[in-house]
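Hi,

Here is the structure I promised to pass on. My notes follow below it.

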Amino acid sequence: MKILEYIVTCIKDVLKSIMVGIIVTMIFGVISLIASLLIRKNILVVLYSVYIFFGSAIMAIAGISFLFPDTQRPFEHKEEWERYFKKINFGLVLLIAGVTVLVFGVIAYNGYYY
């Protein structure tokens, strides 16, 4: 039973990370909408450009955190973090959120070209 609880907790944490990615995607979407109105470009071009740029940047930050774990300082708000994410760390949340933003970038790219 302990393994099943661990798996369910991990799945919940991954779904929360995907929700973080969706929220970040919506924020970037609003920024892209404003930018496309200001520069008078097609919204989908600006949208997929912003999504792919920021999704890649988020994944690069996550990769750096995995590559150099000894350079991370001690986590000061561990109790607050464990209230939201019980099993996964900050780098993995960044990675999942970055992948989510990139998936929306691919959807916007396909929406423009097809």
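First, a definition: a polar contact is a pair of N or O atoms within 3.5 Å; within protein, one atom must be able to donate a hydrogen and the other to accept it, and residues adjacent in sequence count only if both atoms are side-chain atoms. With that in hand, the side chain of T25 reaches the backbone oxygen of G21 at 2.6 Å.

Some housekeeping: this is a predicted model, where local features need pLDDT of at least 70 and side-chain atom pairs count only at pLDDT 80 or more, while totals for chains, interfaces and linings use all residues. Residues are numbered from 1 along each chain as its sequence is written, and side-chain values use heavy atoms, with hydrogens and water left out.

Back to T25, which is found in helix α1 (helices are DSSP runs of H or I, at least four residues, numbered from the N terminus). T25 counts as buried, at 3% relative accessibility (buried is under 20% relative accessible area, exposed over 50%, partly exposed in between, with a 1.4 Å probe and protein chains only). Beyond its neighbours within four places in sequence, T25 is in contact (heavy atoms within 4.5 Å) with Y51, T100, V101 and F104.

Over in helix α2 (residues 43-67) sits I58, which is buried too, at 15% relative accessibility. Not counting residues up to four places away in sequence, I58 touches V24, F28, L94, G98 and V101. I58 and A35 are 23 residues apart in sequence and 20 Å apart in space, C-alpha to C-alpha.

Finally, I11 is in helix α1 (residues 2-39) and is partly exposed, with a relative accessible area of 48%.

Cheers

Technical notes. Helices (H or I, at least four residues) and strands (E, at least two) are DSSP runs, numbered from the N terminus.
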